Each structure stands twice: as structure tokens, then as C-alpha cells.
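Student: I am new to this structure and would like to go through it with you. Could you please show it to me?

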Amino acid sequence: MKQLFAFITAAVLATAAQAQYRLIVPQAPGGGTSVWATVMAPHLSRALGEPVIVEHIPGASDIPGFNRFHNELQKDPKTIMVAHGGNAESFLTDRVDYNYGDYAPVAMVNLNIAVSRRADFDVEKDHIKFGSTSGRRPDVMAIVMMACGPKPNTDAYIACYKQRMTFVKGMKPTDARLAALRGELNITRETFVSHKKFIEPEVAKGVFVDWFNHGVLDLKTGRIVQDANFAHMPTFEQAYRARWKQAPQGEFYDAYVLVKSYRDVLQKSLWVGKNNPNADRLRDAVRKMLADPEARVEIIKDGGNYEWFVGNDMAQAYKTISQRVTEPALKNLYRFTVDGMGLEAVYKPELIGKK
Amino acid sequence: MDYAIWTLAGIVYGFVMGLVPVAGAATALIALFPFIDVFRADPYILVCFSTAIVVASTIGDSFASVVLNIPGASGSAATMVDGFPLAQQGQAGRALSAAITTSVVNGAIWGVLVFAFLPVYATWVLNFGIPEMMMFLLLAFCSVVFVNSQYWFRGILALALGVFVGLIGQDPITGAARFTGGWDYLAAGVQLVPIMAGILAFPELVEAYRRRRVAVTPVTGNWAQIVQGMRDSWQHRWDGLRGGFVGAVIGIVPGIGGNIADWLAYGQTVAANPRESVPFGTGNIKGVIGAEGANNAQKATSYVPTILFGVPGAPFEVIILALFMMVGLELGTPSLLADTQFFAAIGLSYAAALVITFVLAMLFVRWAQRAINLPFAWYFWPVMAVLIWTSAQYTGYWEDYAVFAMCCVLGLAMREFKLSRAAFIIGFALSDQLEKIWYQYHMLYSTWDFATRPIAVTLCVLAITVTVWGLFFNRSRISYI
């Protein structure tokens, strides 16, 4: 009964109060980043001492919401952009208005993705069937390297990709997972949360086998290291070395590292306008939120126990990954996207050397 | 005690949202996100509350369809076709009573089947792969064009137009924007709500304006009509049960969505009753019963893929999935499938909501049917305001209003040129799936692979049968445009 009163009071207050801060989520309610922002909003609000609401601006590939922030909303000192890994991937090779370098960093979380395969799938012989949604290029590139082994250049990987892999486009993550459960696809990739929920039980039943994870960025060394959340599973580099008896390297691998770094390091990030007067206050609020054990438990539960980079640390992390935008890496990423995967992309030389 | 109070609160809130034209369960559930903290202490309260909202809004949806000729939600549009003519004939109470009774009975049957035997369906859902999905889409298209539409050639045109509008946005294969005219807003496609509001609802409002001086048969005998509606439900129970079966199948298949369940159920009712003294579309009670049979049945079975696999069986289930996850209930996981308290909460609140909303809705019929006699000016602007409000829930920016206005113009044109709006809606709702499934089928299967799969073959045979029957033997096509 008490909760019902609380609900009605909260509803009335939310309608009556002028919301102070708003988190702009570039996708519809129910999406992964939307859930993450909605979980975080009340904790951030408590830390700030002001109301924080979530506002959704959905659109294709989650680009229009971020474009709107760039073109219009960033001028508002109380508007915070919540971007995700798909936005970061799009930034590298899609036509977008937004540019991370134009904003003040608030905080970000470096997340990771795990790739699992069906137990009856033979990587030596079977044709690879993998479902597409946005943000899957690093997975495809890693799978191709695992299946094809060392190759001299991107052309050779494109040829091998076309011969060995069917990248089934037009699938939502849930469609792709179900198709993998049905056996129509033989590989799936999941975040920490969805892996724990959907794939771990299948691994226990012997239907799936964990293959590799992409690792996380170590800010001190700038290297990709093992993720404690997936400690039982090798990183891509470890799995590759075990299979091919040598470390992955070459231009195609560099392109993979570039896109993987952008997608995973910027998997969840908060930005405000460049000269936003509230930026420091927001960073302090995030630190305060993370120091609150109750908030931390809930955020970890919904997103995994990953490192947060706040303020300068975030700027440093962004600098680290932006240094990976070299001409060959960007060009090879573009070529594999267009000539290999058959997706529309734009080559953006203006990103090279920018921090 | 708390669970009972929250179930009641969900019923009241859901029922009110159901009465609001075009706003259905999904709209009602989205509004809960800002208040999610309230439910964290006891997540089963959210289970009761949300389940009651879904059931009550689904029943409430029928009111706007019958008395205003405006869909209460995307899943109750077909109810308008015969429900509104009945209301004009002074039989709104009968139509509403038949709609509510059929919806509740089918909801009860399929609710029991879903919540009592949930794990059994896991194999079934896993057998419904890409070839089966492709044949199901074929059946849906053939049904709506050759059974539902009086002018089948124009039906094909409307379907093609719907598919085209549905293709506006992002090419799922290349990721490129297409048919957007460079307008960023359209890159995510045209949304369903402005389509429903503009194509289906707005032309009916205009029609109401045209006929504002036409006398409507006065309503008499409220309880007599309610009893008659219940009798109708019993008398035409097979039409209701068939509709329920159609809705249940659509609900259980992930990805199809509930927006077409009522139209397909309606089409099957028309096909099963070829010789009618009261033609369909002019106030045949069987049309109301057939369409409403699908309503709650589809909602019930859409919980199957959502609970078993964490894959939403209908658009509103996306919201349920996210809400439950935020309070720690991970749908699709073994731990949840072993959670008896979860099943008790969802099963009992579902049953309680069905029974209580049934009584509430029947009591409300007396007032609702008076709406049919309201002067046009009394309801035009409130309804118009609601249509605009629901259409602007997507981004809240000016583009939402512009798209709604365009849909209104298109809706008027389609009505004028007798292009089936039902065919358009189904083409629109399924275009995305059609393109993806077609592509995925050709990526993973060879052309005749479907012939080796019994479910796909059955669906294909049904699609051919419906087409042949519709072209050469169907004498009872409806005139709803």
C-alpha cells in the first residue's frame, strides 16, 4: 500500500516538477543503453541532488539522437548524451554529424563482448553462419581471423570471409540468439549480462561452447587485457595463439583492434557540450554515485563489473583509442566493411591523427 | 494484500489507457519507466501491476473501436468494421458485450494453456524457423488481400503501398538509408502509431463530421443488450474460438507482432461464414466476435517466447522485458523458469484482471454507448488531441507532428479511392519482416528447402488455398476500406 502511495506521489511530482538534468538516449525504451541509463538515472539524481530524467530520441543505427545532441541539444547545460558502442563504430565509418572530440567527457564504462559457438560446430570444416545487428564488425573480424588463420593482407581476409562465412543481415540480437539456439546460425555473441542469462545455461547443457572474449582496455599500458568478468574464457589473442601457434598481427588485425577499441571502450559513455559549466559537477556526481555501495551493486548487476573512467581518465582513454586511428587501419576497416561485408560505409581520413 | 491492491491499480490504469484511442498496452507500460524504483523492493508487485495493465487495456481497447470507429489500439482495429455499424444501429451495448465476453473467454483459455504448460512450448517455438516464418507471412498477405478486401486488386495495391511505406528507413542489408528523401528522422522508418492514428482514425473522424446530422438509432435496453451480446458470444463460439486460435498462434511466434492478429482472425471469420444474411462490414456480430477472439489470446501467448527465451512475442513485450529486467527478473533464464512466486504472481494477477475487468467493462458499457449520440463537436477535439499526443510520443519533436499530418492526408486519400486500409496496415506492419526473412531464407536455405519442413508446407498450402478460394469462391468480402 505504501508503495502504491509512493508511486502516485512520484508520478504527480514527476509531472509537476521541472526536470533538471536529462539523459539523451539515442534508442527506444527497452534497448540495452536505455535500460542502463534508466537504472543509473535515480542514482545519479541522488548524487547530484537534482532530478535526472531519461529522454529517448530513437532512429536508424541510433545515429539521429546523437546527431540531434550535436546539432542542437549540447548547448543546453543540463543535457547529457548517453552514447554506446554502436555510435562509436558508426563514428568511424558512417556519415554522422557527431564528433566525440567536440564534447566534454563526463564518464564512460569500458565493456566487453563474448563470442560463443555451438558445440556441434566444427571451425575447421563447417561454413560459419553468424547473425548481424549493428556493432558486430569486431566480432566478424575476429571470427574470420580465427577461422582463416594468418593471411598476408586484408584482401586475403576478404576472400576467405566470402568463402567461409555467411553474415546473415537484418537480425536483431534476440532474433540472432534464437536462430543460434535453433541451429540456423552456429555462432552468437553476447554482452556480459546476456551471456550470463542466455548462453551460460546452454554451455552447461553442452549446446554451446565459449570461444573467446575481446578483452578490456588497460588504461595504464594502453593494452587489451583479460576481463575478470570472463576469466574462464580466453581473450581473442589467447584463443588465436592457441589455435594458430602465433600472435595475431598484420593490417587486418590492426583494423580489428581499431574498431574493437572504439566499440568496447566507448560502450557506454556520457558527454556534455564542450564549455558546459556543469561538467565538473557532473563528474563529481558520477564519482559520488560510484562510491555509493548500493548504487554500485545495482549498476554492476545490470551491466557487469567494469571499470569506469571519469573526467581526465576518460579523456586519457579516448586519447588512447583515438591514437589507433591510423590511415592503414581505417582504410582496411572501410574496405572490409564495403568489399567484404557489403555494408554502406564512408572513408573518413579527417579522423586520422585527431584526438 | 499488496499484490491485490497493485493488481486493482493496474486494472484501473490499464482500463483507462485502453479507453484512450490508439494508446494500447505499450503506451501504458512505457509510462512506468520513471517510477521503476518503486518496484525494486518487491519485483512481484511489478509483475502483478504490469500484467493487470496488459489485460485491462486490451479489453478497454474495444470501446473506442465500437463507439467512435477509431481503433482503441493497434490490436483492436478490426473490431471497428462491424462494431461501429452495430453501434450506429443502436446496438453498441450488444457489440461491446460480445467483444468483452469473447476477449475474456479466449484470454482465460489461452492464459491457462500458457501459464500451466509453459515449458512444453519451448520445442514448438524452436521449430518455427526462418522457412516457417516466410510461409506465415505469405499466408498473412494472401488472407488480407483475397479474404478481407472487397476489391482485391486494390487490396494488392494497398498492400504494396503499405509494404513500400514500411520499407522507408534503413536498408537492413546494407545499413544505408532509403526512400527518406534525405530526412534524418525517417532513417528509423515511419512509426506505427501515426500510421494507426492517421490512416485508420483520422478519416473516421472526418467521416463523423460528414454524418453529424445523420440520426443514430437511440440506445435502449442496456442490460438486455449486454445479455444479448453474451448470448451472441455463446451462439457464435466457434468464430470466437477460431479467432482465439489465430491470435494465439501469432502471439507465440516471435517477431510477427500483434498488430495483424485481429485482421487475420477477422479474415478467417469472414471466410468461414460465406452466406450471411447480414453482410460483413454492415454490423454482423460474428465480425466483432471473430476479431475480438484474437485480442487477449494473442496477448497471453506472446508471453511464451518472452518468458522462455527473453524474445519479445509482441511490441509491448519489449517494454515488459526491460521493466522486469530493471527489477531483477531476468526473463528467459532458467532461474526465472524455476521461480514459482513469479508464475504465481503472473498467473493470479492475469486471472484476477480478466475477471475484474470483465465486470468493470460490462458496468462501463452503459456510459460508453452514450458516446455514440454525443454531438460531434464534443468529441472531435478531445479525440484529435489524443491522436496527436500519442503520435508525438516517439520523439516529441516537430517531425512527429509532420508525419502524423502526412498519414492523415494519406488516410483520407485511401478512403476516397477505396484502397483497403487494412491491407495497407498489414503490409506496413510486416514489410520489415518480409524483407529480412526473404533475405535470410536465401542466405541460409535453397529455394525448395521449405518443402522438407512440415509446418512450412502446411502454411504454404493454406496460403494457396486462401488465394484460390478468395479469387474464385469468396462471396462475402467485406467493404471496409
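Student: Where does Lys245(A) lie?

Tutor: Lys245(A) is in the loop of chain A between helix 9 (236-244) and helix 10 (251-265). Helices (H or I, at least four residues) and strands (E, at least two) are DSSP runs, numbered from the N terminus. This is a predicted model, in which local features need pLDDT of at least 70, side-chain atom pairs count only at pLDDT 80 or more, and totals for chains, interfaces and linings use all residues. Residues are numbered from 1 along each chain as its sequence is written, while chains are lettered from A and ligands numbered from 1 in the order in which they are written.

Student: Is Lys245(A) buried or exposed?

Tutor: Lys245(A) is exposed, as 9 other C-beta atoms lie within 10 Å. A residue is buried if 20 or more other C-beta atoms lie within 10 Å of its own, exposed if 12 or fewer, and partly exposed in between, with C-beta atoms placed from the backbone. The phi of Lys245(A) is positive, near 60 degrees, and this residue is not a glycine.

Student: And what is the phi of Lys418(B)?

Tutor: Lys418(B), also not a glycine, has a positive phi of about 55 degrees. Its loop in chain B runs between helix 19 (398-416) and helix 20 (421-444). Lys418(B) is partly exposed, with 15 other C-beta atoms within 10 Å.

Student: Let us turn to chain B as a whole. How many helices and strands are there in chain B?

Tutor: Chain B has 21 helices and 2 strands. Of its 481 residues, 59% count as buried. The C-alpha atoms fill a box of roughly 60 × 55 × 50 Å along the principal axes.

Student: How many residues of chain B are in contact with chain A?

Tutor: On the chain B side there are 50 residues in contact with 40 residues of chain A; two residues are in contact if their C-beta atoms, placed from the backbone, lie within 7 Å.

Student: Which helix gives the largest share of that side of chain B?

Tutor: Helix 15 of chain B gives the largest share, with 6 residues. Helix 1 (2-19), strand 1 (169-170), helix 15 (315-326) and helix 20 of chain B each supply at least two residues. By class, this side has 34 nonpolar, 11 polar and 5 charged residues. Here Ala, Val, Leu, Ile, Met, Phe, Trp, Tyr, Cys and Pro count as nonpolar, Asp, Glu, Lys and Arg as charged, and the others, Gly among them, as polar.

Student: Now the sheet in chain A: what is the order of its strands?

Tutor: The open sheet of 6 strands in chain A has the order 2-1-3-12-4-13, with mixed pairing; two strands pair if DSSP finds at least two bridges between them.

Student: Which strands stand at the edges?

Tutor: Strand 2 (52-56) and strand 13 (308-310) of chain A stand there, each with a single partner strand, so one side of each has no neighbour in the sheet.

Student: How many bridges join strand 4 to strand 13 of chain A?

Tutor: 3 bridges join strand 4 (residues 103-109) of chain A to strand 13 of chain A, and the two run antiparallel. Met108(A) stands opposite Phe309(A) in strand 13 of chain A.

Student: Which strands does helix 11 of chain A lie across?

Tutor: Helix 11 (residues 279-291) of chain A lies across strand 3, strand 4, strand 12 and strand 13 of chain A, at about 10 degrees to strand 4 of chain A. Axes are lines fitted to C-alpha atoms, for helices over the stretch in contact, and angles run from 0 to 180 degrees between N-to-C directions.
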